[in-house]
Amino acid sequence: MTAGPTNSPARPFLVGTNLKMNQTPAESAGFVAELTSAVAPRLASTPGLRLYVCPPFTSLPAAVEAAPEAGIWIGAQNLHWAPEGAYTGEIAAPMLRALGVELVLVGHAERRRLFHETDPDLNKKLLAAVEAGLRVLLCVGETAEEKGYGVGRETVARQLKIALHGLDPSALSRLQVAYEPVWSIGTGGTPAQPADVTEIVVPMRATLAELFGDSGRSVPILYGGSVDAGNAGSFTALSEVDGLLLGRSGWTVDGFTKVLEAALRGRSGSEDSAA
């Protein structure tokens, strides 16, 4: 079916990529500079469009320098909740701010699974990031086991309620939430269908409204999970999806721009998209 322009005009539309543990500083700077040039016409002609790139810590200074002030947000992939202290190997929010970083990922599925980050940990990280003036992209999502037991919606609602506990509603303008079903991400993931995403993001919106009232309806919800140029539009055509969190499909300028164009077509309803 052909989807209409159902996304809320009050919410921004965000598309970006998490580079994970890839690229040297020089490679990240080159990527950001080339991407900035490639997407400049789109940024200028598309109201509400926001793009972001999250490189490794070592690439952050070079990426910030390569990004224009009003172009692509540069984001970190993690942070510690303390502003300073005896935490060898960790990075604090004020350090990120000092670099000119705009955004930070909190709760990515790999951080939860590989580094055993808990929901209370993520609550402390999120509040520390917001207090430092950073934008936050909070990631939530259920595992294959949780999906199999039929508790995906409850799992995501729990993750949201704990991570956002104590967040002042005045800070909601700096919050974005990404739904990334753990069973779908990565090379071995099972691609999600739009119906799978709708099943979770509609209750997500209801949970945000439960927590923050009408202000919760203004928080952008992104989708991330085996997204590429072939399926991006089917996700962005969904009324509650306000953008994408890309993995490897966004690691080249050509790949990023192809997904972006497909996402914008889906959002505007100018291509056939399954709902």
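**Exercise 1.** Which residue in strand 7 is the bridge partner of Tyr179?

*Solution.* The model is predicted.
- Step 1. Locate the strands. Strand 6 covers residues 175–179, and strand 7 covers residues 221–223.
- Step 2. Check the pairing. Strand 6 and strand 7 run in the parallel sense, joined by three bridges.
- Step 3. Read off the partner. Tyr179 bridges to Tyr223 in strand 7.

**Exercise 2.** Are the faces of strand 6 covered or open?

*Solution.* 
- Step 1. Count burial. Five of the five residues in strand 6 are buried.
- Step 2. Sort by side. Leu175, Val177 and Tyr179 lie on one side. Gln176 and Ala178 lie on the other.
- Step 3. Conclude. Both faces are covered.

**Exercise 3.** Why does Asn78 count as buried?

*Solution.* 
- Step 1. Asn78 sits in the loop that links strand 3 (72–76) to helix 3 (93–99).
- Step 2. Apply the cut-off. Its relative accessible area is 8%, and buried means under 20%. Asn78 is therefore buried.
- Step 3. List its surroundings. Beyond its neighbours within four places in sequence, Asn78 contacts residues including Phe57, Glu90, Leu96, Arg111 and Lys125.
- Step 4. The side chains of Asn78 and Lys125 make one of 2.8 Å.

Note on methods
Residues are numbered from 1 along each chain as its sequence is written. This is a predicted model: local features need pLDDT of at least 70, side-chain atom pairs count only at pLDDT 80 or more; totals for chains, interfaces and linings use all residues. Side-chain values use heavy atoms; hydrogens and water are left out. Helices (H or I, at least four residues) and strands (E, at least two) are DSSP runs, numbered from the N terminus. Buried means under 20% relative accessible area, exposed over 50%, partly exposed in between (1.4 Å probe, protein chains only). A polar contact is a pair of N or O atoms within 3.5 Å; within protein, one must be able to donate a hydrogen and the other to accept it, and residues adjacent in sequence count only if both atoms are side-chain atoms. Contact means heavy atoms within 4.5 Å. Two strands pair if DSSP finds at least two bridges between them.
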